[in-house]
Amino acid sequence: MQPRNMSMSGVVDLAAVKAAGEARQKAEAARRENAARGDAGAVTAAQLVIDVTEETFEREVLQRSAEVPVVIDFWAEWCEPCKQLGPVLERLTESYAGRILLARIDVDANQLLFQQFGVQGIPAVFAVIGGQAMPLFQGAAPEAQVREVFDQLIAVAEQRFGITGLVAGGEGAEQGAAPAEPIDPALAAGHDALDRGDLAGAVQAYKNVLSDNPGDTEAKLALAQAELLLRVRDLDAQAVRKAAADDPADTDAQISAADLDVVGGHVEDAFGRLVETVRRSAGDDREKARLRLLELFDVVGAEDPRVVSARSALARVLF
């Protein structure tokens, strides 16, 4: 079984921007279906924590992620830190009352999933939103830190994907009946341009949306990603990486290499490269590297833990 439509490392491609819009439509359809069922769409607290196998992953994680952010806990019976973290994840999941779902995966019994997610050690916690996977953290963590991560995850699900969760315990049924929001035609035009490979057209369409509504988070994310794809389209990746390796002081080469890193899914490498470039450079070069780093933050998303960490690192070298 191969998970479908999953961005395992933050890879940016032509379908990435549209995926959020499609996930939003699926979430709205799921809410309408639940509303039509009435209380049949509600879940109990016990149903918010489930054990998932390779056979049930498609149904219980990928399909459910169109309705609710699914947190994945990779664990094993012999893992002592897993025994510390597991109850924290379960307790918090139940406290969110349907805004997240916890899927527990025993790595010993599900080696294929363990490998496909590229898990380096356990416990390891991932999330899937609208079919898109993202790493959250590895190792046991205190409850306050886990809650902060969950809050960020819920915000991303709502703002970027329009996913608001399940109706838990029979309460909050009105949330499940929320009316579908029509997709902005200008935003749809940008997605269509991406489908055609018209990156310049997509960039202009997203700029049009933001000129009318500067606070549109989906358009801001889409614009940042489309501009990145446009920048790297004609780059000679091998030449860029050689130039960056040969001369760490070449700011332009480091910036281009960072763009390639993000497109290739090496987000932390890109951020580290540009933070180091800001640290060692001065004047216009320093400002150029700083601004590109901020642009890449927009590409990945302000709530992403890797962005939060890189912002702190940038602040340290600036101040």
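Q: In this predicted model, what covers the buried residues of helix H12?
A: Good place to start! The cover includes three helices: H11 (251-263), H13 (283-300) and H14 (305-318).

Q: Which residues of H12 are buried?
A: They are Val 267, Ala 270, Phe 271, Leu 274, Val 275, Thr 277 and Val 278.

Q: Why can we say that the buried residues of H12 line one face of the helix?
A: Look down the axis of H12: the buried residues fall within an arc of 160°, so one face of the helix is what they line.

Q: How do you know what span to expect for H12, and what does the helix reach?
A: H12 runs over residues 267-280, which makes 14 residues, and at 1.5 Å a residue the expected span is 20 Å. From first C-alpha to last, H12 reaches 20 Å, close to that expectation.

Q: What makes Arg 273 and Asp 261 a salt bridge?
A: Their side chains meet with N and O 3.2 Å apart. The cut-off is within 4 Å, so the pair qualifies. This pair links distant parts of the chain, with Arg 273 in helix H12 and Asp 261 in helix H11, twelve residues apart.

Q: Why is Asp 261 called buried, and why is Arg 273 called partly exposed?
A: Buried means under 20% relative accessible area, and partly exposed lies between that and the 50% above which a residue is exposed. Asp 261 has 4% relative accessibility, so it counts as buried. Arg 273 has 24%, so it counts as partly exposed.

Q: Why are Glu 80 and Lys 83 called partly exposed?
A: Glu 80 has 48% relative accessibility, and Lys 83 has a relative accessible area of 43%. The class runs between 20% and 50%, so both values belong there.

Q: Are Arg 64 and Glu 60 buried or exposed, and what makes them a salt bridge?
A: Both Arg 64 and Glu 60 are buried. Their closest N and O atoms are 3.3 Å apart, and that distance is within 4 Å, so the pair meets the cut-off.

Q: How many salt bridges does a search of the whole structure find?
A: The search finds 21.

Technical notes: Residues numbered from 1 in each chain as written. Predicted model: local features only at pLDDT ≥ 70, side-chain atom pairs only at ≥ 80, totals over all residues. Heavy atoms only, no water. Helix = DSSP H or I, 4+ residues; strand = E, 2+ residues; numbered from the N terminus. Expected span 1.5 Å × (residues − 1). Buried < 20%, exposed > 50% of the residue type's maximum accessible area, 1.4 Å probe, protein only. Arc of directions from axis to C-beta. Contact = heavy atoms within 4.5 Å.
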